[in-house]
Amino acid sequence: MDISYIFVICLMALCSGGSGFSPVEGKQKSGRGRGSMWWGIAKVGEPNNITPIMYMDPAIHSTLRRKQRRLVRDNPGVLGALVKGANLAISECQHQFRNRRWNCSTRNFSRGKNLFGKIVDRGCRETSFIYAITSAAVTHSIARACSEGTIESCTCDYSHQSRSPQANHQAGSVAGVRDWEWGGCSDNIGFGFKFSREFVDTGERGRNLREKMNLHNNEAGRAHVQAEMRQECKCHGMSGSCTVKTCWMRLANFRVIGDNLKARFDGATRVQVSNSLRASNVLPGLSPNAAGSSSVGSNGLILPQSVVYGEEEERMLNDHMPDMLLENSHPNNKIHHPNMPSPNSLPQGGQRARNGRRQGRKHNRYHFQLNPHNPEHKPPGSKDLVYLEPSPSFCEKNLRHGILGTHGRQCNETSLGVDGCGLMCCGRGYRRDEVVVVERCACTFHWCCEVKCKLCRTKKVIYTCL
Amino acid sequence: MSGTILENLSGRKLSILVASLLLCQVLCFLLGGLYAPLPAGHVTVLGSLCREDHTRQNDTGFLLYSRGAGACTPVVREEVERDPMKMANELVHVFQMPLPREQRDLDYSRWQQNLIGVLQVEFGYDSSSELREPPRELQLTIDIRLAYRNKGDPANAWKLYAHGVEHRYLDCVTAHVGSTETLYSCDMIPLFELGALHHSFYLLNLRFPLDTPRQMNLQFGHMHDLTLTAIHQNGGFTQIWLLLKTVLFPFVVGIMIWFWRRVHLLQRSPALLEYMLIYLGGALTFLNLPLEYLSLAVEMPYMLLLSDIRQGIFYAMLLSFWLVFAGEHMLIQDAPNKSTIRSRYWKHLSAVVVGCISLFVFDICERGVQLRNPFYSIWTTPLGAKVAMTFIVLAGLSAAIYFLFLCYMIWKVFRNIGDKRTSLPSMSQARRLHYEEVQLLPSLIYRFKFLMLATLLCAALTVAGFIMGQMAEGQWQWNENVEIQLTSAFLTGVYGMWNIYIFALLILYAPSHKQWPTMHHSDETTQSNENIVASAGSEEIEFSHLPSDSNPSEISSLTSFTRKVAFD
């Protein structure tokens, strides 16, 4: 019995070694993917004095990759939107996690370090949330900046609206103006999505599992922005009747998107890569044909909720090899699979895995499929967050892993949840303080120009973790 | 006395005419589908925040703008969030249209005709204050300033177009309930309607004055995003539309002149149906008149109202025509004298008149008042909305009564025709002799029915077209190369269809000048058919001496034929 078990392990190690998954294990340190350094621009300049900042500012220069620098240079005004977006992501993340042990703290940014600290090096849930929220925030903030008129290079996207024959002969921007006159411009939201893909996803080539995880979470963030878009219509035909109707898309408040992402964080899926490709494009609605034409409905823009998955049995077979690898690399992982595959089925699975990977290289980097770590779970959808390894407890300070611990955090004495003092302080106990807070209250307004308020003193009790 | 062209035209000529008209119809549809863009475009502008200059607050010429030299320094939203008072009474929401795209400052063109602005409001309450239901009918007070600037003007040369302090009622839903703040997202509110898009750039300054003694805007915690959607007619659509009008206009005018001359060549005064036809042609000509060309040079804010009135007159005329058309074929000969609108149809037409007047009053209340105050909308106050709804319900009711009545009349026409046909065999021998041509009756009835069918088809296609235009949402892919813009195609198709329909009516109901007995045709195939019609004509000449047939206004031999039977 023991001998056969060892044999199985050896065989699996052999097979998986041959199937090329070793980068996950070997490049753990740098395996976070290289697309995360740009977060640093949040701290480079305060958003209100960003406008005069040049893109060649050395601090910005060091945080951006070459392609990102080019995008910033080619799209004047986009930098301000990116800084706003990054700050939006941080404040939203901190809002959503204010009651958890990990509170989305950012470190004093310095060159070459990650803004969110070393937690990003681990492929845990928190990391997946950071990726998704930053990608969503960039999408949201670019689309907003286009609507505000602060980015001048937002596309008009008239391609589907105009077939003006004379415009085709005109060169570049002249044709753009003609087209605006002829058929108007589309919504700005499509530009936000395209830009976010270009900017946020640089450096994530989807070659290893971690990069795939990042790509998936980035896409999930954008998918949430898209899913929260609402169509609005206005009738303006004869006497205001609906013989002529115009429709457009409206972006939701980012707080709503943050709420949804937080819900997905709570139900995030632990995954491993599988071999079959995703059959459908991840964001088919973002082709210029569908992105926000004025009377075109939302149909084209809504993501397909169901992603086509590979054959069930094939997945069952292949799931276990990266799983074994993860278990090897993290000895503290206690999850074991009850059903070990029979030895003779493995070579076949490994072969299929190689085929799948070979095909995958030819395809777009968004064409991949992640399968749940626990095969009984549902495979992750396009809006689900995915992670690779369980989160640390975040209780104690651990600088090696970039964990600050919960010492000195405020907690809620009456709550039984994570924000309750019992869980938040990890059983270390807490301190009770009474403070007097002075607030403005009972304000009266006068139009114009006058606001009178009283100052109210309220006593508040604050509990702090030891 | 001769019949109409419809009765005398050979089947072959009729089919050629119908085929060519159908071809024109397809052309109209394809013109809209292949060349025109969507009928309307929009620009969605997110409000920028500027700090109020309290010293110049009451100066309506003071305008803040967010782009171009001398623009205000935008207030960042985080700054507002940090401020304990959320910068109440210190912010101006600024919207500058259109937005720059592809590194260029776009400007509105006069081809874009009109501009309609709607506003979407998001605001947040402090959750700690009190737990609230999603608010309904909250009164929002807005100080609106609309300004314009032309191409070539300096960046600060904004001129005030209109200023007003307006009230709007908001219906909101909860978007997010948080521990610190509850967010509400509200239904869009109409903000302004400009009948003339005469200038290149437009600027909107919105202020939400907070005032405790006057209870102004106190229910709104603080404003989050304000989104303005400015809808304009697409320039390409205007061009195609005007092209269509310009082409159709001379044709309809020409056929009207031809028709009227033919009527006057007869030795009688024109019949009621002929008057109706010429009125209908006149209404259509008024609709076709490409007045929009003037708006390229002159500022015409009344264009929206005028186009409503033009369409209204046309539809009123068309509806009246159908009633009179059915009535004239009712074959009831109670009044021996010539029928006029006053003598016979005033009861029938009262539904049309009531409907049209109520729609007209509604339109004057909405778009007429907008000429004076572009921010006005009758829908914004609960009372105004009720009044507007009353007028619309009244119009709807009269439309329903009208259609019921029309259906009843058409049913009666068909029943009368059927009765006459069955009563033929029981006639006296002497009369029977004159009805040897009973066989020609089916062909006349067929043509009458043919036109009824065409009318029904046109009406059904119009309704279906508008419904499809609503459902189809945008373009439809024929194959990889050909895309059909369905919304525009339906609009041009329906417009062309009514033109063609009236064009056909004017041709087919024009009096025929054919002299039956002396008629000669080179066309072999139509010979027999024409002969039958010819004998019908001769029969009619004979019967025109009958005492009952003293009505000289008869234009249809079918009508006269059946009337004679009724006399029996």
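In this predicted model, 66 residues of chain B are in contact with 58 residues of chain A, contact meaning that the C-beta atoms, placed from the backbone, lie within 7 Å. Strand E1 (residues 40-46) of chain B supplies the largest share of the side of chain B that touches chain A, namely six residues. By class, that side has 27 nonpolar, 26 polar and 13 charged residues; Ala, Val, Leu, Ile, Met, Phe, Trp, Tyr, Cys and Pro count as nonpolar, Asp, Glu, Lys and Arg as charged, and the others, Gly among them, as polar.

Residues are numbered from 1 along each chain as its sequence is written, and chains are lettered from A and ligands numbered from 1 in the order in which they are written. Local features need pLDDT of at least 70 and side-chain atom pairs count only at pLDDT 80 or more, whereas totals for chains, interfaces and linings use all residues.

An unreviewed UniProt entry annotates "transmembrane region" in chain B, including residues 348-369 and 489-510; such annotations may be inferred rather than shown by experiment. Helices (H or I, at least four residues) and strands (E, at least two) are DSSP runs, numbered from the N terminus.

| Span | Distance between end C-alpha atoms | Helix and strand |
|---|---|---|
| Residues 348-369 of chain B | 32 Å | 100% helix, 0% strand |
| Residues 489-510 of chain B | 31 Å | 91% helix, 0% strand |

In chain A, three strands form an open antiparallel sheet in the order E6-E8-E7, where pairing requires at least two DSSP bridges between two strands. Strand E6 (410-411) and strand E7 (430-446) of chain A are the edge strands, each pairing on one side only. E6(A) is joined to strand E8 (residues 450-465) of chain A by two bridges, and Cys411(A) has Tyr463(A) in E8(A) as its bridge partner.

How values were computed: Contact = placed C-beta atoms within 7 Å.
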